[in-house]
Protein chains: 4
Amino acid sequence: MPGRDFLQVPGPTNIPGRVLRAMDRPAVDHRGPEFIALTHRVLPKLREVFRTERGAPVIFMGSGTAGLEAALVNTLSPGDRVLAFGIGHFSHLFARIATRLGCEVELSGLPWGSVIPPDLVYDRLSADREPRYKAVLAIHNETSTGVTCDIPAIREAMDRAGHPALLLVDTISGLGSIDFRFDEWGVDVAVAGSQKGLLLPPGLTILAVSDRALRAGEAARLPRHFFDWAPVIEFNRKGFFPFTPATLLLFGLDEALDLLQEEGLEQVYARHALLGEGVRRAVEAWSLPLVAQERATASDVVTGIRLPEGHDAARVPELSAERYGLSLGVGIGPLQGKAFRIGHLGSLNELEVLAVLGGVEMTLATLGVPVPIGEGVTACQHWFLSRSAPVAG
Amino acid sequence: MPGRDFLQVPGPTNIPGRVLRAMDRPAVDHRGPEFIALTHRVLPKLREVFRTERGAPVIFMGSGTAGLEAALVNTLSPGDRVLAFGIGHFSHLFARIATRLGCEVELSGLPWGSVIPPDLVYDRLSADREPRYKAVLAIHNETSTGVTCDIPAIREAMDRAGHPALLLVDTISGLGSIDFRFDEWGVDVAVAGSQKGLLLPPGLTILAVSDRALRAGEAARLPRHFFDWAPVIEFNRKGFFPFTPATLLLFGLDEALDLLQEEGLEQVYARHALLGEGVRRAVEAWSLPLVAQERATASDVVTGIRLPEGHDAARVPELSAERYGLSLGVGIGPLQGKAFRIGHLGSLNELEVLAVLGGVEMTLATLGVPVPIGEGVTACQHWFLSRSAPVAG
Amino acid sequence: MPGRDFLQVPGPTNIPGRVLRAMDRPAVDHRGPEFIALTHRVLPKLREVFRTERGAPVIFMGSGTAGLEAALVNTLSPGDRVLAFGIGHFSHLFARIATRLGCEVELSGLPWGSVIPPDLVYDRLSADREPRYKAVLAIHNETSTGVTCDIPAIREAMDRAGHPALLLVDTISGLGSIDFRFDEWGVDVAVAGSQKGLLLPPGLTILAVSDRALRAGEAARLPRHFFDWAPVIEFNRKGFFPFTPATLLLFGLDEALDLLQEEGLEQVYARHALLGEGVRRAVEAWSLPLVAQERATASDVVTGIRLPEGHDAARVPELSAERYGLSLGVGIGPLQGKAFRIGHLGSLNELEVLAVLGGVEMTLATLGVPVPIGEGVTACQHWFLSRSAPVAG
Amino acid sequence: MPGRDFLQVPGPTNIPGRVLRAMDRPAVDHRGPEFIALTHRVLPKLREVFRTERGAPVIFMGSGTAGLEAALVNTLSPGDRVLAFGIGHFSHLFARIATRLGCEVELSGLPWGSVIPPDLVYDRLSADREPRYKAVLAIHNETSTGVTCDIPAIREAMDRAGHPALLLVDTISGLGSIDFRFDEWGVDVAVAGSQKGLLLPPGLTILAVSDRALRAGEAARLPRHFFDWAPVIEFNRKGFFPFTPATLLLFGLDEALDLLQEEGLEQVYARHALLGEGVRRAVEAWSLPLVAQERATASDVVTGIRLPEGHDAARVPELSAERYGLSLGVGIGPLQGKAFRIGHLGSLNELEVLAVLGGVEMTLATLGVPVPIGEGVTACQHWFLSRSAPVAG
């Protein structure tokens with residue numbers, strides 16, 4: 001199909017040309033000076049994107065799932081109790097991994113589309129007098145529904161309850177796109193993925209680890225070898241890894257972090273807020289409901305959209321891909337066939353969002369979903385114009 | 001600027017990833033078997049895109065300008081009279097090159113936005129009883145205004161006048177995008193460029209040459225060496241070039257021609273017709289006049305758009321590039337400040353056109369040009385939908 | 001440093017241009033048809049390179065270390081006894097991972113430079129009457145010393161002892177370079193890495209799994225989630241993965257497997273045998289001892305070379321990299337400072353081996369190691385010539 | 001064929017990865033700010049590599065042949081007399097182009113393998129009392145034989161004769177590899193190519209033009225349009241070109257010039273001197289004669305080697321390419337079948353030269369040419385070692 005495709009699943013995201021070119025290079029000796037210098041360049045830049053001064057960034061090969069596993073095996077022991085909140089596919093997944101690895105998970109199932117209620121966190125923790133919970137599993141941005149949880153409020157609830165549990169946060173689809181502050185928010189382990197806001201192809205999962213988590217790790221007895229962060233941190237000091245690292249992805253990461261720095265993190269967040277709101281304005285013009293229960297919690301990186309009864313939402317991504325080279329996300333779990341998702345994160349700009357909205361409109365119209373052609377795009381354009389500076393003169 | 005830019009000048013066009021990757025390779029020995037095989041693959045594919053069985057394709061390094069020069073120096077002698085028609089920048093350029101090289105050019109200046117009138121061709125040639133004109137210089141697609149001339153009608157006029165002049169056609173922005181038929185239309189020399197419908201970066205100009213033109217070349221006395229097509233054709237027989245050829249661009253050309261073949265030339269033309277009409281519908285929704293004098297002659301690869309009095313059209317490409325990463329064409333010559341141009345050729349699809357139209361609307365609005373936000377996009381969407389197949393079931 | 005570097009560590013190896021270009025492409029939706037087709041293309045080709053018809057190929061993100069972990073967690077339960085043989089760094093690592101994951105490892109430490117003695121395997125297993133050993137951990141090619149173990153003889157010893165233990169084989173630096181036959185040799189789990197004979201950058205580990213191993217996996221109780229092969233195999237049937245897969249590396253794998261097929265596996269092995277012997281002839285011309293205890297067991301993919309007393313072998317890779325852009329392997333463990341290693345695997349040819357040998361000679365000479373300049377290269381050239389066909393006529 | 005090929009024709013040369021990546025990018029608007037900045041970056045860097053402060057660099061699309069044509073059409077008029085010296089294929093070509101374009105060429109034919117004798121230049125010019133000669137055509141490095149002419153001595157001869165002719169120098173295979181000093185040597189027009197020392201693929205020819213040549217150009221009446229340097233220089237002032245320029249090659253040129261700067265021009269020359277002498281030492285070890293008549297004039301970028309009677313030198317490049325992926329240059333003109341050529345310019349290092357020499361030795365041996373296997377490589381290694389610094393400590 002001629003022209004450029006639009007990859008608007010909520011990750012992987014479009015890989016910028018500069019990042020692709022940084023990886024289009026010969027392999028290097030991962031024990032030689034060029035690679036050592038690379039490691040020493042990348043780690044401080046990762047600290048900046050996590051917004052941490054003391055937290056240790058740890059890079060593993062693997063998907064976000066692998067990163068969640070790494071967060072657990074490095075901090076917990078068999079039989080440890082953890083508190084989890086299911087608000088969608090990925091928050092449930094986090095709980096399931098903990099269960100499979102041998103933890104005892106207390107899972108609060110909540111409606112898909114809701115966010116983790118800080119008060120519920122407070123209630124659970126303040127009721128845990130012993131205390132038995134070793135960790136709270138929280139999700140920053142729930143990709144399956146398109147909501148963003150209030151991590152600082154969760155932290156505040158934990159503090160208010162005076163509970164010592166570690167706060168483990170899945171920010172796989174959040175980091176590098178929406179505001180995340182490891183130190184300020186008191187996160188203990190944050191888990192990110194390469195293929196979202198970090199602008200890389202899939203293949204890496206990246207953690208930030210607090211001192212408390214590191215200390216917890218010394219006592220944690222879940223079996224681990226490849227995902228053991230201690231040797232990674234130790235080898236990293238000299239620029240090495242305890243295993244053969246994914247060298248080319250690391251060269252790409254180096255470049256991707258430069259891109260984020262050059263744009264400026266605050267501007268990155270502002271851009272995602274601009275684009276996310278543009279999408280929501282379009283959805284409203286279409287009179288379709290968001291999956292997010294409350295507009296204020298809707299995510300700036302992915303929008304879940306419900307279709308009216310009688311329409312199979314799974315046809316939307318199928319047809320948009322086939323006709324327009326536009327990849328959208330399907331509804332997962334209870335949303336299967338009921339909703340579809342537009343990813344709007346990573347290296348993305350206003351005109352691309354207009355194209356995507358135009359393509360969604362034409363797809364919906366073709367499928368017989370009653371949407372007013374052009375009104376979503378128009379609403380988004382008005383929003384963009386309302387936020388753009390007037391011209392000089 | 002994050003996200004992908006929109007390069008909507010009327011050439012260079014977007015280079016497809018497959019073409020870029022075909023060129024991202026080591027240099028080769030241009031006398032070795034890999035290169036020889038490449039030459040033997042590329043030339044027949046060029047014939048197909050020119051739609052010629054007998055015409056000889058000739059590849060030179062250079063811009064389209066160089067190709068026009070090559071067409072002239074290989075067919076004409078100092079003092080030869082040629083007939084030319086000025087309907088815009090590039091048709092005037094063709095005449096100017098002939099003049100500079102020592103030909104005597106009879107130029108009919110016509111309004112910018114008009115096409116070459118076949119009747120005028122007939123009148124001029126039928127009045128030339130001697131006959132003295134050695135060649136007619138015609139332009140297929142005038143990029144500076146956005147009109148497409150009727151080459152077969154020009155040929156028919158020449159035949160009707162019974163005039164033996166060669167027909168030299170500038171199809172730099174036409175070939176590979178809009179219908180062009182070298183054999184059927186009786187063209188003697190056609191000149192194309194790499195950076196338009198042929199999907200490559202700038203760097204090559206490609207000619208097709210008829211037997212008549214080849215014979216004329218034997219007697220032509222304009223001095224030439226690098227642009228002499230005779231040794232190119234001769235060396236090409238064995239897969240070589242008489243000079244060090246632009247090997248990597250030729251690998252790219254091989255891939256680009258495959259892309260055109262895979263889509264199918266008729267489908268390529270149909271796609272450009274679809275996209276071009278979409279743009280015109282948007283312009284009409286904006287109530288802005290085309291530069292093309294008649295809608296029926298408006299080009300499917302580039303649209304020239306006039307702004308109302310009091311607006312500086314040069315600001316449009318400036319602001320669209322600065323704000324939205326959208327490169328548009330400026331008005332040239334008498335259209336400077338009065339018009340701007342949208343290129344819509346090459347590897348381009350429907351969603352990209354929507355993005356471009358959305359960006360133009362926002363740019364115009366920001367500059368205070370009264371356009372109804374969203375209505376151009378919407379009109380284009382309706383057009384696209386009107387031409388798309390219903391879904392099964 | 002101008003010119004091309006020589007990456008002659010025993011992995012990562014040189015990534016062929018075609019593989020790099022296959023990865024230099026936009027991300028795709030890992031749930032879309034293009035990716036599904038990719039999965040369905042790659043898995044059968046992996047079967048061919050493992051030489052298995054029934055074994056299931058399983059691809060994980062991770063280093064070879066991760067693959068060894070995956071082999072263990074999918075087949076064993078806490079407290080299971082496994083038999084291991086330490087003949088170098090990587091065979092010891094395999095045992096150490098098993099220990100860390102909670103297995104009871106009986107490790108036979110043998111001299112570095114030796115191979116796993118099939119008779120010792122037989123003795124251990126035939127003495128295990130209960131039987132208690134669940135698995136034998138074997139290494140195909142011990143990269144730290146440069147020896148290749150006789151896996152079919154080990155299998156034969158296991159069969160002779162009538163022992164039901166699984167045979168888990170580390171062929172990380174063997175697969176795709178030297179003869180490996182999963183079915184014929186009765187291997188239960190084979191572990192490979194992307195960055196050796198599979199011609200990719202680091203980032204993937206690839207397993208082949210026998211039916212017996214799959215069945216063992218159903219009962220295995222070592223905790224696992226990311227490295228659980230059951231969902232991978234299940235999802236793969238439809239072309240998916242249970243996690244976001246490393247899409248670009250998989251596109252690269254597809255191309256790399258084509259390269260191996262085009263050359264032909266037997267020719268790949270023959271080429272490595274040719275190059276390996278060439279290196280050994282050079283080492284003999286230098287009168288330096290191999291690390292391999294017996295010449296017949298020396299590896300065709302990496303050669304470990306001891307330096308005379310009084311010379312710090314760690315200086316060799318340092319200086320060769322600094323002066324000649326030639327990356328060599330250091331001595332590891334007890335060989336630190338005593339030996340260095342030349343990797344000669346992957347996409348490599350005769351002239352490159354001559355360059356490497358020439359560079360090693362100049363490096364050794366500069367460091368004062370008494371080697372006859374040029375004689376290693378010359379010996380290798382004579383070997384190559386002795387194996388090359390005469391010219392016709 | 002696995003492994004990396006060795007492209008040792010005397011151009012095109014190996015394109016460094018950084019240069020390839022600089023060109024692996026989307027097309028840009030050649031009238032936009034990114035391209036303007038590129039032009040303004042490249043031109044001053046070109047001045048440095050030509051070693052000129054006042055000379056104007058001019059970039060055309062085309063091969064070196066095109067550059068020679070540009071040098072002539074911009075400085076000469078029909079019937080102008082020029083003095084030329086034929087010492088090989090490319091010096092004869094320069095003269096032939098001048099003839100074809102309408103100049104009256106006085107060509108001194110000299111033996112292939114000789115250099116242009118400055119005394120002969122002096123004799124011819126001092127005998128030209130009128131003076132009638134408008135230009136002296138000189139070649140810096142004659143690629144067909146492998147000799148380097150003494151341009152400053154030729155300049156000195158012209159000055160001694162007090163002759164006003166312009167000095168037009170073909171340094172296509174010299175610039176960026178061997179010492180060239182436009183200002184200091186009083187060159188009027190220098191012609192270079194992209195695919196030699198400038199590390200790019202073929203496609204550009206680059207000139208440096210003195211003030212005298214620019215003034216001569218104003219009166220020159222050879223017909224020209226595309227190769228007219230006046231509009232290029234004028235448009236370049238604002239960062240534009242008077243035609244659509246080869247944008248991607250210019251991005252590559254920008255990077256290639258950085259590579260030269262980073263290495264340092266003096267070091268670039270020293271490296272070529274080192275490598276060239278290494279090749280000559282090998283040839284001497286083989287007891288084969290150079291094509292260069294005098295060793296002191298042998299080129300540091302290409303070595304022409306004669307074979308003994310009874311051996312067909314054309315077989316050498318054929319067999320080396322077929323067996324070893326090693327591209328060598330054939331003998332041209334009177335050297336056809338009698339000599340072959342090794343290119344050793346551009347991005348090249350010591351180990352690559354050893355590989356090439358080893359490959360040539362094996363090829364010659366296979367063809368039955370009596371050469372002592374390994375002795376050429378060994379001689380080259382001794383030379384390299386004699387020039388390398390001892391290690392510290």
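The exercises below concern a predicted model, and each is followed by a worked solution.

**Exercise 1. Classify the ring pair Phe241(B) and Phe243(B), then find which residues form an aromatic cluster with Phe35(A).**

Step 1. The structure holds 35 aromatic pairs over all chains. A pair of rings is described by the distance of the centres and the angle of the planes.

Step 2. For Phe241(B) and Phe243(B) the centres are 5.8 Å apart and the planes meet at 40°. Planes under 30 degrees apart would count as stacked and over 60 as edge-to-face, so this pair is tilted.

Step 3. Both Phe241(B) and Phe243(B) are buried.

Step 4. The cluster that includes Phe35(A) draws on chains A and C: its members are Phe35, Phe60, Phe226, Phe227, Phe241 and Phe243 of chain A, and Phe35, Phe60, Phe226, Phe227, Phe241 and Phe243 of chain C.

**Exercise 2. Identify the rings that lie under Arg25(A) and Arg160(A).**

Step 1. For Arg25(A), the charged end sits over the ring of Phe251(A), at 3.9 Å from the ring centre.

Step 2. For Arg160(A), the ring is that of Tyr122(A), and the distance to the ring centre is 4.3 Å.

**Exercise 3. Describe the buried residues of helix 6 of chain C and what they pack against.**

Step 1. The helix covers residues 151-160, and its buried residues include Ile151(C), Ala153(C), Ile154(C), Arg155(C), Ala157(C) and Met158(C).

Step 2. Residues three or four places apart in an α-helix point the same way, because there are 3.6 residues a turn.

Step 3. The packing partners, within chain C, are helix 5 (118-127), strand 5 (133-139) and strand 8 (166-170).

Step 4. Just after this helix, Gly162(C) has a positive phi of about 60°.

**Exercise 4. Locate Ala66(B) and list its contacts beyond four places in sequence.**

Step 1. Ala66(B) belongs to helix 3 (residues 64-73) of chain B, and with a relative accessible area of 0% it is buried.

Step 2. The contacts are Met61(B), Thr205(B) and Phe227(B), together with Phe226(D) from another chain.

Step 3. Val191(B) is 125 residues from Ala66(B) in sequence, while their C-alpha atoms are 9.4 Å apart.

**Exercise 5. Characterise the interface of chain B with chain C, then that of chain D with chain C.**

Step 1. Between chain B and chain C, four residues of each are in contact. About 350 Å² is buried, 45% of it on carbon and sulfur atoms.

Step 2. On the chain B side, Arg21(B), Asp24(B) and Arg25(B) lose the most area, together 95% of what that side buries. The salt-bridge count across this interface is zero.

Step 3. Between chain D and chain C, 42 residues of each are in contact. The buried area is about 3,500 Å², with 59% from carbon and sulfur atoms.

Step 4. Here the count is two salt bridges. One of the salt bridges joins Arg4(D) to Glu352(C), with the closest N and O atoms 2.8 Å apart.

Terms used. Residues are numbered from 1 along each chain as its sequence is written. Chains are lettered from A and ligands numbered from 1 in the order in which they are written. This is a predicted model: local features need pLDDT of at least 70, side-chain atom pairs count only at pLDDT 80 or more; totals for chains, interfaces and linings use all residues. Side-chain values use heavy atoms; hydrogens and water are left out. Rings of Phe, Tyr and Trp (its six-membered ring) pair if their centres lie within 6.5 Å; planes under 30 degrees apart count as stacked, over 60 as edge-to-face and the rest as tilted. Buried means under 20% relative accessible area, exposed over 50%, partly exposed in between (1.4 Å probe, protein chains only). A charge sits over a ring if NZ of Lys or CZ of Arg is within 6 Å of the ring centre and within 35 degrees of the ring normal. Helices (H or I, at least four residues) and strands (E, at least two) are DSSP runs, numbered from the N terminus. Contact means heavy atoms within 4.5 Å. Buried area is the accessible area (1.4 Å probe) that two parts lose on being put together, summed over both. A salt bridge is a side-chain nitrogen of Lys or Arg within 4 Å of a carboxyl oxygen of Asp or Glu.
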